[in-house]
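Please open the model in a viewer and keep the selection panel at hand.

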Amino acid sequence: MKAILLAAGQSKRMAPLPDKNFLEVVGSPLIVHQIGQLKRCGFRDVVVVGGRHNVKELRRFAKNVVEQKKLEEGMAGAVLSAESALDGHDFLILSSNDIVEDFALRSLLKSKSTALLAKKVKSYFPGGYLKVDRRGYIEKIVEKPGAGKEPSDLVNIVAHLHREPKKLFEALKKAEAGGDDRYEVALDSMISAGVLLQAVSYDGMWQAVKYPWHLLEVWKLLMPKKSSGKISKKAQIAKTATVRGDVVIEDGVKIFDGAVVQGPAYIGKNAVIAMNALVRESHISEGCVI
């Protein structure tokens, strides 16, 4: 199974931080975590779509990178840019904006038809909502309907499994709307033509990464389970320091007398936790001093 990872956004809302794809979280760039997740979930061939501003950097982390020439064409343009690399295979589309748990992607793979990940929400979210029938198939995608006008409690997350790629590309090329709406217009035209689009309900963790503070939630999900409780032998921890809970401590870390590290916590390479400092439910990046 192939996957398209959409990474051509210019991350303007992350300023003054750089491109979010390359922000280090739990010791690796965000884009590396997402490629790793896709492969872990069974998507062996990952095509990353970038723009002129970041395509060179993306090639440092991914083997198969294509450039979206016209960023103003939005998601539709990004998907069309990857068409030749997909070679007619079924594929998943995942946005680098959306961080979900592994079981969300595995749930999509179980679908025999084209499927969209649908996050159950309790309060209004300014995004696309899915109107579904009793069988769980999508009747329409409603963009930003406004609070109180939602057709359901299901928000459209950009994690879409396409079982009929030929029909999708035909619909994208025929869609007349511009910018961000063209992809949704194409999906609606497929529905009208009788293509079944299943809404795969998901109630796990989801974080849209658009602003710097969103990373405060993302790191907890990205802390690999296999590393939970990992303390590097190259770290220096004073005998009077306390380390407890789900904690990852990387090489070169120094934790001085009386300091307390209470998990969940990630301490990056060469960070210093000074005397009597308290680190609790925190992500400390490489080289930081607390």
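Begin by selecting Ala-208, which touches Asn-97, Asp-98 and His-214 when residues up to four places away in sequence are not counted; contact here means heavy atoms within 4.5 Å. Ala-208 is placed in strand β13 (residues 206-208). Helices (H or I, at least four residues) and strands (E, at least two) are DSSP runs, numbered from the N terminus. Ala-208 counts as buried because its relative accessibility is 10%; buried means under 20% relative accessible area, exposed over 50%, and partly exposed in between, with a 1.4 Å probe and protein chains only.

Two remarks on the source apply throughout. This is a predicted model, in which local features need pLDDT of at least 70 and side-chain atom pairs count only at pLDDT 80 or more, whereas totals for chains, interfaces and linings use all residues. Residues are numbered from 1 along each chain as its sequence is written, and side-chain values use heavy atoms, with hydrogens and water left out.

**Helix α1**

Next, select Gln-34, which lies in helix α1 (residues 30-40). Gln-34 counts as buried because its relative accessibility is 3%. Leaving aside residues up to four places away in sequence, Gln-34 touches Leu-5, Leu-94, Ser-95, Ser-96, Asp-98 and Ile-99. Ser-111, by comparison, is 77 residues from Gln-34 in sequence and 21 Å from it in space, C-alpha to C-alpha.

The buried residues in α1 include Leu-30, Ile-31, His-33, Ile-35, Gln-37 and Leu-38. Just after α1, Gly-42 takes a positive phi of about 110 degrees.

**The nonpolar cores**

Now select Ile-4, Val-79, Ile-93, Leu-172 and Tyr-183. These are the residues with the most contacts inside the largest nonpolar core, which has 35 residues. A nonpolar core is a set of buried Ala, Val, Leu, Ile, Met, Phe, Trp, Tyr and Cys residues joined through side-chain atoms within 4.5 Å. Centre the view on Ile-4, which touches Val-47, Val-49, Val-79, Ala-82, Leu-86, Phe-91, Leu-92, Ile-93 and Leu-94, residues up to four places away in sequence not being counted. A second, separate core has 33 residues, among them Cys-41, Val-46, Val-55 and Val-121.

**Helices α6 and α7**

Select residues 165-174, helix α6, together with residues 182-192, helix α7; their axes come within 8 Å and cross at roughly 120 degrees. That angle makes α6 oblique to α7, since angles under 35 degrees count as roughly parallel, over 145 as roughly antiparallel, 65 to 115 as roughly perpendicular and the rest as oblique. Which residues make the contact? On the α6 side they are Lys-167, Leu-168, Ala-171, Leu-172 and Lys-173, and on the α7 side Arg-182, Tyr-183, Ala-186, Leu-187, Ser-189 and Met-190. Seven of the contact residues are nonpolar, one is polar and three are charged.

Keep α7 selected. Eight of its eleven residues are buried, so α7 is largely enclosed by the rest of the structure. The buried residues are Arg-182, Tyr-183, Glu-184, Ala-186, Leu-187, Asp-188, Met-190 and Ile-191. Following α7 is Gly-194, whose phi is positive, near 95 degrees.

**Backbone details**

Turn to the backbone and select Ala-15 and Pro-16, whose connecting peptide bond is cis, with omega near 10 degrees. Pro-16 lies in the loop between β1 (2-6) and β2 (24-25). Then select Gly-263 and Pro-264, where the peptide bond is also cis, with omega near 5 degrees. Pro-264 is found in strand β18 (residues 260-267).

Two stops remain. Val-26 has a positive phi of about 50 degrees although it is not a glycine, and it is found in the loop between β2 and β3 (28-29). Is Val-26 buried or exposed? Val-26 counts as buried, because its relative accessibility is 9%. Lastly, select Lys-144, in the loop between β10 (138-143) and β11 (154-162). Phi of Lys-144 is positive, near 40 degrees, in a residue other than glycine. Lys-144 counts as exposed because its relative accessibility is 57%.

How values were computed:
Axes are lines fitted to C-alpha atoms, for helices over the stretch in contact, and angles run from 0 to 180 degrees between N-to-C directions. Ala, Val, Leu, Ile, Met, Phe, Trp, Tyr, Cys and Pro count as nonpolar, Asp, Glu, Lys and Arg as charged, and the others, Gly among them, as polar.
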